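Please go through the points below with the model open beside you.

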Amino acid sequence: MAEKAWKSRESEDDENGKQNSISVRGMQFAYEGQHPLFYDFNLNIPPGSRCLLVGANGSGKTTLLKILAGKHMVGGRDVVRVLNRSAFHDTQLVCGGDLAYLGGSWSKTVGSAGEIPLQGDFSAEHMIFGVEGVDPARREKLIDLLDIDLEWRMHKVSDGQRRRVQICMGLLVPFKVLLLDEVTVDLDVVARMDLLEFFREECEQRGATLVYATHIFDGLETWATHLAYIQDGELRKSEKLTDVHELKSSANLLSVVESWLRSETKHEKKKPTNPPAQNQKTSPFGTSPFMSSRHMAYYR
């Protein structure tokens with residue numbers, strides 16, 4: 001019901017001339033050789049929103065963010081649109097800086113699962129000042145905000161310090177839509193709260209839109225404007241945070257999300273990881289438009 005209500009409101013906004021920053025219509029997606037993760041998925045996120053993306057591990061949050069970032073191709077040009085442009089096909093979205101994605105982390109060694117290997121002896125200064133066409137005032141603000149020592153050697157510092165440099169580099173170019181996948185997990189409390197306040201300013205002063213997937217909910221009750229809850233690839237809730245009725249009788253957002261996750265079925269249906277060849281041929285997801293595909297323009 002909440003999802004329909006939000007969709008209805010956003011449809012009215014479209015009729016009045018407004019456009020959603022993010023619009024997903026009837027999206028279908030499956031990784032090759034696996035059952036569909038998303039089927040007829042719909043989502044609208046209005047401009048200026050700070051939307052929390054919540055759900056259990058494996059629910060599809062990271063995949064959704066990568067699809068929105070144009071890293072996977074799904075269907076036609078109108079299925080996934082960011083700033084009213086095709087997330088996958090319009091490479092200028094990311095190359096121009098309007099759409100930014102921060103996820104994963106830098107590791108000291110090659111082969112760390114889910115991490116990007118950082119090879120070579122680089123200083124924080126070398127990496128941050130290596131980004132061209134940056135407003136010096138914005139760069140200095142981020143360096144100060146994240147308390148970065150420009151003499152840090154990236155292969156010697158802690159995970160949290162490397163994460164600060166990574167975040168700084170990802171925010172140097174002013175974005176219109178920012179997708180965040182657990183980027184604050186390595187930060188201490190002070191750095192996290194300062195960064196969240198920076199994001200609030202970006203949304204309120206520049207009209208930027210954020211989608212933030214996280215399992216850390218401290219202080220987000222007053223920070224977020226919207227919430228999207230995914231369960232097994234299905235959008236279960238999508239509404240303004242002030243409209244989440246469970247929050248009216250609960251102490252905090254953490255307890256609300258915890259109750260949702262605990263209520264999910266504990267016994268998932270067993271899905272074959274490698275379906276028989278004959279099943280793959282008959283699957284509607286066996287053709288390239290819905291399979292995993294990566295756009296090399298996004299590996300900068």
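Which exposed residues does the face of H5 turned away from its buried side carry?

1. They are Ala137 and Asp144; exposed means over 50% relative accessible area and buried under 20%, with partly exposed in between (1.4 Å probe, protein chains only). This is a predicted model, in which local features need pLDDT of at least 70, side-chain atom pairs count only at pLDDT 80 or more, and totals for chains, interfaces and linings use all residues. Residues are numbered from 1 along each chain as its sequence is written, and side-chain values use heavy atoms, with hydrogens and water left out.

2. Helix H5 spans residues 136-145, and Arg138, Arg139, Leu142 and Ile143 are buried in it. Helices (H or I, at least four residues) and strands (E, at least two) are DSSP runs, numbered from the N terminus. Seen down the axis of H5, the buried residues fall within an arc of 135 degrees, so they line one face of the helix; the arc is taken from the directions from the helix axis to the C-beta atoms.

3. Just after H5, Asp147 has a positive phi of about 50 degrees.

4. An open sheet with mixed pairing is built from six strands, in the order E6-E9-E10-E3-E11-E12. Two strands pair if DSSP finds at least two bridges between them. Strands E6 (99-102) and E12 (234-240) are at the edges with a single partner strand each, so one side of each is left without a neighbour in the sheet.

5. E11 (residues 226-231) pairs with E12 in the antiparallel sense, over six bridges. Ala228 has Ser238 in E12 as its bridge partner.
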